[in-house]
Amino acid sequence: KKIENIEFIDQNSIKKSSKSTPVTYIKAFQNIRELFAKQELAKHHNLDPKQFSFNTNGGRCEQCKGLGYSIVEMQFLADIKLKCKDCSGTRYNEEILMIKFQKKSIDDILNFTVKEAFMFFTTYKCIKIADKLKPLLNVGLSYVKLGQTINTFSSGELQRLKLASFLNEKQKNSILIFDEPSKGLHFHDVKILIDALQLLVETGNTIIVIEHNLDIIKNVDWVIDLGPEGG
């Protein structure tokens, strides 16, 4: 088959911005912002989807520029992060926080775990959003918050986030190389990870995994054991 792309997936393959979150990375945030902009109170105040982003002017808290915290520089010690006094860490101004969908503000949504958000949007028939969140469940990231910044993720979590984006984009005809994606995972979540990798294989990709986890190793088609005294 024709290989269109080769990509090595490790903790350095994702740009760890102080504002990048799981929901922005898998491109579900645009749909959530559009949902809030459709609410009657948002229309009354002439709010559009971009004003529900904490990355742009208009809806974000201008005191902290949408970070939710301020940084106090210490000359000889590590810098200190303090919750923004203006927005109390929500990252938005009061006008935006007044807009609710099913009694939830956009800050409430961003504080949902992936599992909570998936159940919420499924319950209220927001299928497009739920479908974009599902790959995060499929790679064992059900516990992370939608608005959690990815610079707080472990190397294994970052790889699984990248894997979720591939599932969302229906990646095909690529060779994808993962460096210990099971790192830090509970054995139940390893099974979820294996199923997610298998989905990528079934859509025409080749997966190469650098691993020590025996549950993953026993599910592969080929094992290359490197020495001396390998394994």
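A charge sits over a ring if NZ of Lys or CZ of Arg is within 6 Å of the ring centre and within 35 degrees of the ring normal. This criterion applies to the predicted model shown in the following views.

**Figure 1. Overview of the predicted protein chain.** The chain comprises 10 helices and five strands, and its C-alpha atoms fill a box of roughly 65 × 50 × 30 Å along the principal axes. Of its 231 residues, 43% count as buried. Among contacts between residues at least 6 apart in sequence, 65% join residues at least 24 apart.

**Figure 2. Arginine charges over the rings of F29 and F54.** The charged end of R91 sits over the ring of F54, at 4.3 Å from the ring centre. Over the ring of F29 lies the charged end of R33, 5.2 Å from the centre of that ring.

**Figure 3. Aromatic pair F29 and F54.** The structure holds eight aromatic pairs. One of them, F29 with F54, is tilted, with 5.6 Å from centre to centre and 35° between the planes. F29 belongs to helix α2 (residues 29-37), whereas F54 lies in the loop between α3 (40-44) and β2 (69-72), 25 residues apart. F29 is buried at a relative accessible area of 2%, and F54 is buried at 0%.

**Figure 4. Aromatic pair F54 and Y92.** The ring centres of F54 and Y92 are 6.2 Å apart and their planes meet at 70°, so the pair is edge-to-face. Y92 is located in the loop between β3 (80-83) and α4 (94-97), 38 residues from F54. With a relative accessible area of 1%, Y92 is buried.

**Figure 5. Aromatic cluster.** F101, F112, F120, F121 and Y124 are linked into a cluster by ring pairs.

Notes: Residues numbered from 1 in each chain as written. Predicted model: local features only at pLDDT ≥ 70, side-chain atom pairs only at ≥ 80, totals over all residues. Heavy atoms only, no water. Helix = DSSP H or I, 4+ residues; strand = E, 2+ residues; numbered from the N terminus. Buried < 20%, exposed > 50% of the residue type's maximum accessible area, 1.4 Å probe, protein only. Contact = heavy atoms within 4.5 Å. Phe/Tyr/Trp six-rings, centres within 6.5 Å; stacked < 30°, edge-to-face > 60°.
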